Amino acid sequence: MSNLYSPPAERPSIDGNDQGLLEAVARGEARLTADQALQLFQSAPLAKLGRYADARCRSIHGDTIRTYVIDRNINYTNICNAKCTFCAFRRDGHEADAYTLEHGALLDKIAALSEIGGTQILMQGGMNPALSIDWYLELLSTIKERFPHVHIHGFSPPEFIEFVHFFNPPGSNLEEKIRWVMTRLRDAGLDSVPGGGGEIFSTPVRRKIGLGKCDAESWLTVMYVAHSLGMFTSATMMFGHIEGHADRVHHMMLVREWQDRALRDFGQSPWQPGADDPVFADAPHLGSRYPGAWLHRGSPRAQRATGGHYKAFISWPFQRENTPLGRVRDWGADAQELVREFPGDVVARAFDWGKNNEVDYKSIAGAEEFGRRVRMSGSTDYLRTQALSRLFLDNIYSIGSSWVTMGPHIGQVGLAFGANDMGSVMMEENVVSSAGTTYCLDEALLCRLIRGAGFIPAQRDNVYDILRVHSGMDSPDLAVTDWSLHRARKMHQEAPREKRVALGVQVKARPVSTGTAR
């Protein structure tokens, strides 16, 4: 199969802030090096970063449409054998609020999604050793039987690594074992793999914050296997904690490198076809009116190529409430610290883009407080990071704006900083919201935010095919007569123990001994 994609050339001798370089990057004609990206992040004015990220976004997606999806984030269990310090969701299994959803309760959630026109579930959970592979196979096949129109975007790479440990599949190496598990889940109904658990790929950081969670190589291998099976996936990054700025760039660098590999090995292009592509044959007016939009018509990619790849990159800041990592002191709480370099930056420089993977940070001057100080991310830092991701990830189609963590209006501003997608009308989310994030918007509000940013809102599916364009007066936002009924509200979380028992959720019995739930 011919390779449809060739990466743009790097020009490492040019300054990262050079206008000509950035204009070429925005056109897709040049690729930033890691050093240039770090320089740009640390020194470019915010407006400059946004301007070039927006130009790059418009060169891919056009000037008219920005998208969203209607899905439901179902966290099927909070019992987990990992002990990530940034997580407020996990439970060991003995606590009063530990749970695993019964299949019936989970199906009820999907039925509610289907009733409002939802097209996808994002299904992730803790790494629960009590669940067998048959539990997952039966669940997937039942969902597909009851809801064949619902796309199952499920089970993040760390879950797959634990599936390998739990199920002991045949295979001579990790990739073969992952493939054995994933093939069976795919055949039962799994459509694609979400990018959860990416956090930060840097080895020193990951070892500090992700105890019991797979390393970067394993995470990326899971996604490579998914791509080899024709699945389209996403990649994520959680930043604004103990990492250095170079660690963020390194994380994006690995995503870009493995995307290049998938595109090379499986012969697929990361870009949607233009308006002259045959996929527009059923409605050519859509292509001419909305350049950059891909009209949904069945499964065109299934006919176009067999290989998968990353479709989207979404990044968000660490949410500290109720987490062990959140109790770590802020960098700069002691003003005298600010005359020194942040410990994460010291360690990131020694890590040297992954060339020094086993760096002994304990012996490095200035790194004594590494892991003991957090540098939280605010709105400006978030927008800088998102804009950089659009410029650096030249082979990723979509950049998502993280309004769930940053709030609706910063999410809206994100559409001017390289994002083309506002993510999900989220009926439910339990992991991030356990750490204090509670933003939740309905479809009308999400459309209003997109329109207010100067674009026409459009509902998409998992592979970014356009399902409907909201340009008429019957659009969800334009049809609203009383906005007081459409305010941002609290995110749904699992009900207290007594209510969940009534709903058919498996809940561990409360232990006899008393103690603080973890």
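This dialogue explains how to read several features of the predicted model shown above.

Trainee: On what basis are the residues numbered and the values computed?

Mentor: The model is predicted, and residues are numbered from 1 along each chain as its sequence is written. Local features need pLDDT of at least 70, side-chain atom pairs count only at pLDDT 80 or more, totals for chains, interfaces and linings use all residues, and side-chain values use heavy atoms, with hydrogens and water left out.

Trainee: What is the strand order of the open sheet?

Mentor: Strands (E, at least two residues) and helices (H or I, at least four) are DSSP runs numbered from the N terminus, and two strands pair if DSSP finds at least two bridges between them. Here, three strands form an open sheet in the order β4-β7-β8, with parallel pairing. β4 (71-75) and β8 (151-154) are the edge strands, each pairing on one side only. From one strand to the next, the twist averages 20 degrees.

Trainee: How many bridges join β4 to β7, and how many join β7 to β8?

Mentor: β4 and β7 pair over five bridges, whereas four bridges join β7 (residues 120-124) to β8. M123 of β7 stands opposite I74, and the bridge partner of M123 in β8 is G154.

Trainee: Is β4 enclosed or exposed?

Mentor: Burial is judged by relative accessible area: buried means under 20%, exposed over 50%, and partly exposed in between, with a 1.4 Å probe and protein chains only. Five of the five residues of β4 are buried, so this strand is largely enclosed by the rest of the structure. Both of its faces are covered, with D71, N73 and N75 on one side and R72 and I74 on the other.

Trainee: At what angle do helices α6 and α7 pack?

Mentor: Axes are lines fitted to C-alpha atoms, for helices over the stretch in contact, and angles run from 0 to 180 degrees between N-to-C directions. Angles under 35 degrees count as roughly parallel, over 145 as roughly antiparallel, 65 to 115 as roughly perpendicular and the rest as oblique. Helix α6 (residues 157-167) and helix α7 (residues 174-188) pack at about 95 degrees, with their axes 10 Å apart. They are therefore roughly perpendicular to each other. Contact means heavy atoms within 4.5 Å, and the residues that α6 contributes include F160 and F163, while those of α7 include L174 and K177.

Trainee: How do α1 and α3 cross?

Mentor: The axes of α1 and α3 come within 7 Å and cross at roughly 30 degrees. That makes α1 roughly parallel to α3. Among the residues making this contact are L22 and V25 of α1 and Y52 and A55 of α3.

Trainee: Which residues of α1 are buried, and what lies at its ends?

Mentor: An α-helix has 3.6 residues a turn, so residues three or four places apart point the same way. In α1 (residues 19-27), the buried residues are L21, L22, A24, V25 and A26. The elements covering them include β2 (30-31), α2 (34-43), α3 (46-61) and α14 (379-392). At the start of α1, a side-chain oxygen of D18 reaches to within 3.0 Å of the backbone nitrogen of G20. Just after α1, G28 takes a positive phi of about 80 degrees.

Trainee: What surrounds T385?

Mentor: T385 lies in helix α14 and is buried, with a relative accessible area of 1%. Its side chain reaches the backbone oxygen of D381 at 2.9 Å. Leaving aside neighbours within four places in sequence, T385 is in contact with F41, M237, F239, R248, M252 and S315.

Technical notes
A polar contact is a pair of N or O atoms within 3.5 Å; within protein, one must be able to donate a hydrogen and the other to accept it, and residues adjacent in sequence count only if both atoms are side-chain atoms.
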